[in-house]
Amino acid sequence: MKRGATFVSYSQSLLWIALLMAVVVCVAIIVELVFVDFIHGNPHRTKANALLRMLYTPPILAIVAIVGSFLVFTLPQCFQAIVADVLVRRFGRRSQFGILLALPLTAALAWYCYDYLTPTDFNLAINLPEDWTPYQHGLTLSRYLTMLKVQTPITMFSLLYCDAAIRQASQKSVILAALVLAVVVGVIWGHLLANGQYQFL
């Protein structure tokens, strides 16, 4: 294995992760609009307006998702790349799967990146000042479990992507499987978002 191949693989996987997050967000927005405006029938918005939103909202939110992905997952990816590189160099290719043992720590690191590197403490001016509660930083059990659910597939993707690179095998199957998963997650999330909107129709 070439020196630095692990770091290159984890860097490439971070780029794919950012793009896959954008896919999740775009699919979720489109599915939400389809359910709310076309299936359920939104009386507050025309179908033409809904189609227009399908065109301009997903690209904007995709950019936000990509930037957010880099802010949240760059440091955890670096941590995983260092651990994987040490394991592979000392114990061989299969030992890199030991990175899964560090997943609890990786999830905590990802949470703190999310908590402190993304804008979480702001008021959109749609709430009255007395109704708005400032965001409380810190890691709670529910927050940790949420981040663990997000970080686990990301770690698995990076691990399989890196393993394919070390074996000099095609990474297309790993990317394709991740893309299918991203679309499925986007559909589920979009449906949940639509269910939350029905009460306002």
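Buried residues make up 38% of the 201 residues in this protein. Buried means under 20% relative accessible area, exposed over 50%, and partly exposed in between, with a 1.4 Å probe and protein chains only.

Some ground rules. This is a predicted model, where local features need pLDDT of at least 70, side-chain atom pairs count only at pLDDT 80 or more, and totals for chains, interfaces and linings use all residues. Residues are numbered from 1 along each chain as its sequence is written, and side-chain values use heavy atoms, with hydrogens and water left out.

Confidence next. pLDDT is the predictor's confidence in each residue, from 0 to 100. The protein has a mean of 88, and 90% of its residues reach 70 or more. Helix α2, residues 47-91, has the lowest confidence, at a mean of 92. Helix α5 has the highest, at 94. Where pLDDT is low, the predicted coordinates should not be read in detail.

Now the fold. There are five helices and zero strands. Helices (H or I, at least four residues) and strands (E, at least two) are DSSP runs, numbered from the N terminus. The C-alpha trace spans about 60 × 40 × 25 Å along its principal axes. Take the contacts with a separation of 6 or more: 76% of them join residues 24 or more positions apart. Contact means heavy atoms within 4.5 Å.

On to helix α3, residues 103-117. Thr-106 lies there. Buried or exposed? Thr-106 is buried, because its relative accessibility is 0%. Leaving out residues up to four places away in sequence, Thr-106 touches Pro-76, Phe-79, Gln-80, Gln-151 and Thr-155.

What does its side chain reach? The backbone nitrogen of Gly-138, at 2.8 Å. From Asp-115 to Leu-87 is 28 residues in sequence and 29 Å in space, C-alpha to C-alpha.

Last, the surface. The accessible surface comes to about 11800 Å². Carbon and sulfur atoms hold 70% of that. Areas come from the Shrake-Rupley method with a 1.4 Å probe; for residues, only the protein chains shown count as cover.

One nonpolar patch covers about 780 Å². Leu-176, Leu-179, Val-180, Val-183, Val-184, Val-187, Ile-188, Trp-189 and Leu-192 make it. Nonpolar side chains (Val, Leu, Ile, Met, Phe, Trp, Tyr) are joined within 5 Å, like charges within 9 Å. Val-184 sits in helix α5, residues 172-197. Val-184 counts as partly exposed because its relative accessibility is 42%.

How values were computed: Patch = residues over 30% accessible without salt bridge, like charges linked within 9 Å, V, L, I, M, F, W, Y side chains within 5 Å. Salt bridge = Lys/Arg side-chain N within 4 Å of Asp/Glu carboxyl O. Polar contact = N/O pair within 3.5 Å; in protein donor to acceptor, adjacent residues only side chain to side chain.
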